[in-house]
Structures are given as structure tokens and as C-alpha cells.
Amino acid sequence: MLKIFALYRFVTASLFSMLFYLRFGPSLLGAYDAALYQFASAAYLAISLIAGPIAFRQRLGYARLAQIFIFTDIVLVTLMMHASGGVGSGIGILLAISIAAGGLLVGGRCAILFAALASLAILAEELYAIQTRAFETTTLTYAGMLGVAFFSIAFLSVILAQRAEQAAILAQRHEQTIARLESLNRYIIQHLQSGIMIVDDRQATQLSNQSALRLLGLERQPQALAEISPQLQQAFEMWRERREQDFAIVSLPDRSEIQVQFSALAVEEETLNMMIFEDIALYNQRLQQSKLASLGRLTASIAHEIRNPLAAISHAGQLLAESRALDAQDLRLTEIIRIHCQRVNGIIEDILKLSRRTPSQKQKIVLDQWLPAYLSEQRLNLGLTEDAFKLSFQTRELAACIDAGHLKQILDNLCANALKYGRPEAGPILVEAGMAQGSPYISVIDNGPGIGADNLQHLFEPFFTTSHQGTGLGLYISKELAELNRAELNYIPGEKSCFTLLLANADRAAIEI
């Protein structure tokens, strides 16, 4: 607004000078005092020329520059008005525009002050003209009406300025709210576990979150669907022809498969389409978990039914072993009954523990503090020496998102297997922590010969064991607990046995949907 007012002053000053010198016809400009008019108009044009660049380059403060503009308008326009014959020349009405500009640009008391100065200037000019009898007729009443008009315009401009300021503040608040909502929406979209990609009808990519790039194996957002996979492009075209077919399984160039779901977005003046990507392995895992949950309830019911007759068999075997009529061979048979009853009871306990598995209560765990405390507790509970375990940190400040109870149960199984099969007499069991693939991991490495190739494919299956005393549920339960916490438990083949638990990074956990 200040730049517009500066431009208006320059045009007005130029017209005042041009009309005076060109003289297109009879004119009142400078009719009473040509010298005074020349001085005032030249000063007005010079000040407008100097102040224009200052306003556009903002060399002075906004309020100060506006005050200078309006004050010089009052002085110089009043002088040109007097030089042209006083209030009757009509030049004084131009001060109304300056007063209105003062109310809009500066506002408040300054606008009323400018109106008062302009009114006093007009009245003073008329009183001076009356005293000096400069003009044949004086228009003191017209000067008073101009003063009233100046005050009215000042009040109205102040009110308009206040409303404009309130509207500007409200618009700024709405803009900030919209910016916050947009930032929040973008954050949520970027941190969703499912991949999301927005494309237009020309198959040009508009938006994609980090999960989509990770699932598609891309480092940056592609320009079009053809850059991702021809099969995905074909599935998108088929969906556009048949909207009811909104689900597809697409093979990527690296031979992995992802599940994609298409949906249309209603956007004004533009047609956009949304694709939701999900790892097919995660989808199959959820189906498998659902099946295992049903199977777990069934096996829990069977285990309860087996426990009662098993208790009767065990009790009968104990009573039979107390008989003095039994010889050594019969006592050996009762000992076999007792041992196998205990083994079956252990299997039942593991099955019931698996079926009673509580939901994961994930929390942020700082491994730098949690692992030393856990190993100290293990040594104390198992009566081990200080050098039974060796803790090594490849990276510090590791934060994992996992249920603390489930993490303890997983490490209990891994450490128990390492102590049982990993030849602890050959050296300490190494517990290593670090970062891999952007996520923290924990590795349990023992001194055992490793697991044979024939047994690797059955390693995490339930009831698979190479020991006559084991139940074969320890690693299976650990694997299930890891998947329940979005972690991954793997066996790393090598010269030694190494189990690695890859955990979810608590510092960049995704929003699950």
C-alpha cells in the first residue's frame, strides 16, 4: 500500500507541474502566485522522486516514511492551493486522499492528527487570505466543511484499517493452521508402515512416502510408474478400465512381490489416484499368525485334556515305584515312566505358555543400559562366573522398540541354548549389539560347531529338536515373539553358532495401520 501511495504522489506531482507549464487552456493553477506555485510543485515532484525509490527499497521504516509522505502532502498541497486562488480552486480536496492514506497506512491517533493538521492548514490559509485580502471572495464555510470531511475520512479509514488488520491476522492464523495441518499430514504419511503413492491419470508420480520407496527398492521418488515395474503399470491400467478390480500382487525387478491396492481420490479440477503398497511377506505373516492363533487355542484345549490323564499316570508310576515287591528291572521301568511324564508335562507347559501369550506392550528400551543389567541378572540366577558372557557394543546409544518381557524371554532361550550346546568351556558366550540396515541388533554367538545344513530349514519349526531332552519349542516361541514385536530372528551360518535379533528402531518407528 505504501508503494501504491508513493506511485500516486509521483503521478500527482507530475500532473501539477505538467499542467502548469503546458497551459492547455484557462487554468487556475498558479493564478494568484505563480512563483509560489512553481516552488511548491517543483518541491512536491522532487520529494516524490526521491521518496519513491526509498519506499520501493524499504530504506526507512514503514511508519516513518508514511508520516513523511502525508506531512509533506499537507504542507505542499496547501501552498499550491493558496497559489492557485485558495479553497475555491478545488486543490484542497486532494488532501482527503492523503488523510485516507494516513488512516490506512498508519492508523490510530496519527490519522486523527493528520486530519487535524490538514484542517488547521486549510483554515489558516483562509484566515491569512482574509487578513491580506488576497482574494475577492473567501470561502471560510467551505474550508470548515473540508475540515469536517477530513475528520470523517480519517475515522472511516481507521475503522477500515482495523478491519483489514483483523482480516489479515485471521488470514495469517488460518495460513499457519493450514501449514501445521499440512506438515502433520505429511509427517503421518511419511511415517506410515504401509507404502503410499499418489499418481495422476498420466501415471506421473505426485507423492510417495518413505515406506513406499523402501518396499519398491527405490532411493528417490520415480517420475512415472514405468520406472518402477511394467507389471505395476499394467495393473494400474487394468484398474482404470475395471474399477472393481482394485487389488493386485505385483512382482518387482528384484523378484520380490508386493501387494498393491488402488483407489481414486476426489480432488477439485484434478484426478488423482492412490496406491497403497504392502509387503506380501507381511501379509502372509498376518495370515499365518491368524492360523497359528486358532491352532494355539486348539492345542491349548488338547493340552488341558492331556494334562489330567498324564497326572494320573505320573501319580500311579510314583506309587508303583514305592512298592517293595518290585525288582530292579521294574524300578527302571517306573523311572522311564517318570522321566517321560516330566518331558510331556514340559511340552504341555510350553504349549500353554504359547497359547497364553500376552499382547506386545512395546516401549523404548536403551540397549546400552538394558543389556548389562540383563546379563548380570543371568549370571546371578544361573550361578555363572563373571566371564561366562562377554558383552560387546559395535555402536552406542542404541534404542529399540520392543516389549521388555518378550525381549527377555527371547534372550533367555538363546542364552540357554548357547550354554547347553555352545561349549561354554571353550570360551565366553559373546553378546554383541550394534546397528544393521538402520536398525539395532543383538547377536548371541557361542563356540559350538554350528547347525548342519540339513537342519537349517527346520530350525524354527515347532517341536523340531536335535536333543532327546528338548521340546523343540524354544526357538519357535522366540521367533513368534520377535515377529509379534516387528523384530526378526535369524540364524547366521558360520564357523560358530550365531543367532541375530534385528529390532525395530525406536527413533524412527513407523505408524502401524
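Two strands count as paired if DSSP finds at least two bridges between them. Keep in mind that this is a predicted model.

**Exercise 1.** Find how β1 and β2 pair, and over how many bridges.

*Solution.* Start at β1, residues 195–200. Between this strand and β2 there are 3 bridges, in the antiparallel sense. For one of the contacts, go to Val199, whose bridge partner in β2 is Thr205.

**Exercise 2.** Work out the strand order of the sheet and name its edge strands.

*Solution.* First, trace the order β2-β1-β5-β4-β3, an open sheet of 5 strands with antiparallel pairing. Next, look for strands that pair on one side only: these are β2 (205–208) and β3 (247–251), the edges.

**Exercise 3.** Which residues touch the most other members of the largest nonpolar core?

*Solution.* This core has 39 residues, and the ones to pick out are Phe69, Ile122 and Phe150. Now see who contributes: α1, α2, α3, α4, α5 and α6 each supply at least two residues, and α3 gives the most, with 10. Zoom in on Phe69: leaving out residues up to four places away in sequence, Phe69 touches Leu2, Phe5, Ala6, Arg9, Ala51 and Ala55. Lastly, look for a second, separate core of 37 residues, which includes Ala400, Leu481, Ala482 and Phe499.

Technical notes:
Residues are numbered from 1 along each chain as its sequence is written. This is a predicted model: local features need pLDDT of at least 70, side-chain atom pairs count only at pLDDT 80 or more; totals for chains, interfaces and linings use all residues. Side-chain values use heavy atoms; hydrogens and water are left out. A nonpolar core is a set of buried Ala, Val, Leu, Ile, Met, Phe, Trp, Tyr and Cys residues joined through side-chain atoms within 4.5 Å. Buried means under 20% relative accessible area, exposed over 50%, partly exposed in between (1.4 Å probe, protein chains only). Helices (H or I, at least four residues) and strands (E, at least two) are DSSP runs, numbered from the N terminus. Contact means heavy atoms within 4.5 Å.
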